[in-house]
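Please look over the model below before reading on. A short report follows it.

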Amino acid sequence: MTTTLILFLAFIAITLAITGWAARRSGSTASYFAANRQISAWQNGVAVAGDYMSAASFLGIAGLIAFFGYDGFMYSVGFLVAYLTVLLIIAEPLRNAGKYTMADVLAYRLHPKPVRAMASLSTITVSTFYMIAQMVGAGALVALLLKGSGITFREAVIGVGILMIVYVVFGGMIATTWVQIIKAILLMSGTILLSFLVLAHFGFSLNAFFTAVTQVHYHAPDGTLVVKDFLTPGLRYKPPYGALDLISLGMALIFGTAGLPHILVRFYTVPDAKTARYSVVWAIAVIGTFYIMTTFLGFGAATIVGRDFISKNGGNNMSAPLLANALGGSIFFAFISAIAFATILAVVAGLTISASTSFAHDVWTNIIRQGHEHNPGEERRVARIAAFVVGAVSIAIAIALGPTANVAFLVALAFAVAASANLPVILFSIFWRRFNTTGAVMGLAAGLLGSIVLIFIGPSIMGVDAPTVAPAARHMIQHAPIFPLENPGMLSIPIGFLGAIFGTLLSKRDAAGEEKFVELQVRANTGLGSEKAVAH
Amino acid sequence: MPAPPNPHPSVPPTETSIWDRVAQTQDFKSLLAAKKAFVIPATIFFIVYYFALPVSVGYFPAFMQRKVWGPLNIAYLFALSQFAVTWIIAYLYVRAAHKFDAYGATVIKDLEHIVAKGN
């Protein structure tokens, strides 16, 4: 326990030192929002990986594989393949045509005010939902990891929240980027070490390892001993809707990643589109290696620690730390716990900066101030206030929800909104000449609303619980779900696309916008006139 | 002294704008064609290949559970192959992008030429 606390404090000290260093270099708007566009390809690639490999990946997927085997590994596959959409379609045009936010690309040839307002609403919604999920997880986890130190859920949430606000408010994008890089390196080293120890446990025989995976023992809730082949699909996603839910999940991942605001803003931190391209390649290398190793983390926990023990000691999110404890003792448990803590902090910082940038740049400067700062440095000041507000609101909501709240659906919701609202309008504004403002607003609104409504009438919120279920774990609405899928992507993504298409076709052609489409096309494909790196 | 080409050309949309003239050059058309020739088939391939996994896992479970290599079944090997396919497509894209960069450089030269002539 004390070792864990010391490692936590060491990470906090290092990241605060970086924040102090970055604060002295964040003197201009481009440095605060985009790290002067001087981040190199490997740095940005590792930072993208850091932003992406959240606690939901590290702890969540390891836990899902430990409890449900193969079906958990399906998440790993989708999380990686999604980066092909980013690499092939989104990263380079976005870098060439935008400045600080996703809305820059949309506003380029459409009417800026309505488009920025809707895009900002969507960005802030995605980031805040995602962040609340991370904060609730963080509070529960920190309280569990530091069990015995007397730190409560509430104190843990406030601590994590204050740290993330400090990183973002004082250090801006430079500090956030370096926090991501350090976290990603720590996470990769921990995962490689853990995978190595799992293999060592099986005498470095993959055959012995996978044979054990085919015979996982645990006790069912009624007390009978079960032996399952964990390489068999279908332990979590069962008929009648399991197959559809898997496909729907895949759609949200493949199309949602390229619409996640905190990933998109990362491409503005590099000098040009070519560097953006190489940074995605770095991200694909790092993320792919990580998700392949979830095999060892998850199946290792299933075979070495076992589902019974994990259930009694904190639940499936604790699979990876408990595996570390079983293989390397309390010091290694402390190390893996500290990595989990670093992971959460870095991801919430990335989410905070993307939400506050969108508010300051899209809503304040471009809508309220009509595109020009009234006072120099105003945009930065507004972003800092917005970061503070976003952080405070997330802390308050996370505390109100409490440690046992089921918040996994908030992550599903973030991906669904990103895929259904953000991606269609980004694609159409880059590739469809006829696309217009009404189409963009309708697409964003339909995708956003569609995702939220389908989640709320789906099995995450609606369901009938047995009287034995604890109050905090009960479904919010005690009624059979109206929409059968946990992941709304399969329906909400077409709704977003159709909203954008019908909105466009049912409204007048925008001649000036179509004229500017040519300009956007030339710029997006060649980088002519793109935002340059700032010398310091 | 002729002014150097403006790196942020904000051309008034009076006559045929510079952007239109660039868009009509053969080099720009070749750039777009080269990109389409790679990106469209590659995107279709990876999307079809990816969704083949949840579809076959969901609808052909008996087939996917067949053990083909020691303890490993088709489902797991198919999932692993997704990693390899992602890395291969990323590698092929980077290789193809060298060509896009070369076309892009000629388009920028064309623009400088157009600006010099236009003034």
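## Basis and confidence

This is a predicted model: local features need pLDDT of at least 70, side-chain atom pairs count only at pLDDT 80 or more, and totals for chains, interfaces and linings use all residues. Residues are numbered from 1 along each chain as its sequence is written, and chains are lettered from A and ligands numbered from 1 in the order in which they are written.

The predictor assigns the complex an ipTM of 0.90 and a pTM of 0.90. Chain B has an average pLDDT of 84 (the predictor's confidence in each residue, from 0 to 100). In that chain, 85% of the residues score at least 70. Residues 1–14 of chain B stay under 50. For that stretch the model has eleven contacts beyond four places in sequence; a contact means that two C-beta atoms, placed from the backbone, lie within 7 Å.

Helices (H or I, at least four residues) and strands (E, at least two) are DSSP runs, numbered from the N terminus. In chain B, confidence is lowest in helix α1 (residues 18–23), at a mean of 84, and highest in helix α2 (residues 26–59), at 94.

## Interface of chains A and B

On chain B, 48 residues are in contact with 41 residues of chain A. Elements of chain B giving two or more residues to this side are α1, α2, α3 (61–64), β2 (72–73) and α4 (74–118). Helix α4(B) provides the largest share, 17 residues.

The side of chain B that touches chain A has 37 nonpolar, nine polar and two charged residues. Ala, Val, Leu, Ile, Met, Phe, Trp, Tyr, Cys and Pro count as nonpolar, Asp, Glu, Lys and Arg as charged, and the others, Gly among them, as polar.

## Helix pairs in chain A

Axes are lines fitted to C-alpha atoms, for helices over the stretch in contact, and angles run from 0 to 180 degrees between N-to-C directions. Helix α5 (residues 70–97) of chain A packs on helix α10 (residues 242–256) of chain A at about 35 degrees, with axes 7 Å apart. The crossing of α5(A) and α10(A) is right-handed (near helix turned clockwise from the far one by less than a right angle; anticlockwise is left-handed). Contact residues include Gly78(A) of α5(A) and Gly250(A) of α10(A). The α5(A)–α10(A) contact has nine nonpolar, three polar and no charged residues.

Helix α8 (residues 153–201) of chain A meets helix α15 (residues 378–401) of chain A at about 165 degrees, with axes 9 Å apart. These two helices are therefore roughly antiparallel (over 145 degrees; under 35 is roughly parallel, 65 to 115 roughly perpendicular, the rest oblique). Their crossing is right-handed. Arg154(A) of α8(A) and Arg384(A) of α15(A) are among the contact residues. The classes are eleven nonpolar, three polar and two charged.

Helix α17 (residues 437–456) of chain A and helix α18 (residues 489–505) of chain A cross at roughly 155 degrees, their axes coming within 7 Å. That makes α17(A) and α18(A) roughly antiparallel. This crossing is right-handed. The α17(A)–α18(A) contact has eleven nonpolar, eleven polar and no charged residues.

## Lys35 of chain B

Lys35(B) sits in helix α2 of chain B. Is Lys35(B) partly exposed or buried? Lys35(B) counts as partly exposed because it has 19 C-beta neighbours inside 10 Å (20 or more other C-beta atoms within 10 Å, placed from the backbone, is buried, 12 or fewer exposed, in between partly exposed). Lys35(B) and Lys99(B) are 64 residues apart in sequence. In space, they are 8.9 Å apart, C-alpha to C-alpha.
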